[in-house]
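Me: I want to learn how to read helix faces and aromatic pairs. Can we work through an example?

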Amino acid sequence: MTSYNSFASLFDDLQKNINNATGKVPLNELFPASFMNSYTDFSDFDELLSAGGFTVSSQEDFDAIPESELDKHISKTTKFSSWNEMSQKAAEIRIMNAIG
């Protein structure tokens, strides 16, 4: 039988893993090659952006991309209909991997 302390410790570890998984993550980490190969026509996130004609060398550059243009590119070249759908799936996978 698992003691309360063991369960509490397990819960604390799980919470730490979730917190680590949901913090700010660089886009190349949120979209690793395994994700890109499974859900897109590209091997990495930079390639997806370049193919859409987006020049991104900073977070500010990425934030400046009109979401409607990004959505159009995402819907044509991935299994997703929008940037929001794609980023949510990536975050979901990251959290599931973190909690094991």
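Me: Which residues are exposed on the other side of α6?

Reply: Some ground rules come before the case. This is a predicted model, where local features need pLDDT of at least 70, side-chain atom pairs count only at pLDDT 80 or more, and totals for chains, interfaces and linings use all residues. Numbering starts from 1 along each chain as its sequence is written, and side-chain values use heavy atoms, with hydrogens and water left out. Exposed means over 50% relative accessible area, buried under 20%, partly exposed in between (1.4 Å probe, protein chains only). Helices are DSSP runs (H or I, at least four residues), numbered from the N terminus. Here Ser-68, Lys-72 and Lys-76 are exposed.

Me: Which residues of α6 are buried?

Reply: The general idea: an α-helix has 3.6 residues a turn, so residues three or four places apart point the same way. In α6 (residues 67–77), the buried ones are Leu-70, His-73, Ile-74 and Thr-77. They fall within an arc of 100° seen down the axis, so they line one face of the helix. The arc is that of the directions from the helix axis to the C-beta atoms.

Me: What do the buried residues of α6 pack against?

Reply: α4 (45–51), α5 (59–63) and α7 (83–99). Contact means heavy atoms within 4.5 Å.

Me: How many aromatic pairs does a search of the whole structure find?

Reply: Nine. Rings of Phe, Tyr and Trp (its six-membered ring) pair if their centres lie within 6.5 Å; planes under 30 degrees apart count as stacked, over 60 as edge-to-face, the rest as tilted. One of the pairs, Phe-45 and Trp-83, is tilted: 5.9 Å centre to centre, 50° between the planes. Phe-45 lies in α4 and Trp-83 in α7, so this pair ties together parts 38 residues apart in sequence.

Methods: Helices (H or I, at least four residues) and strands (E, at least two) are DSSP runs, numbered from the N terminus.
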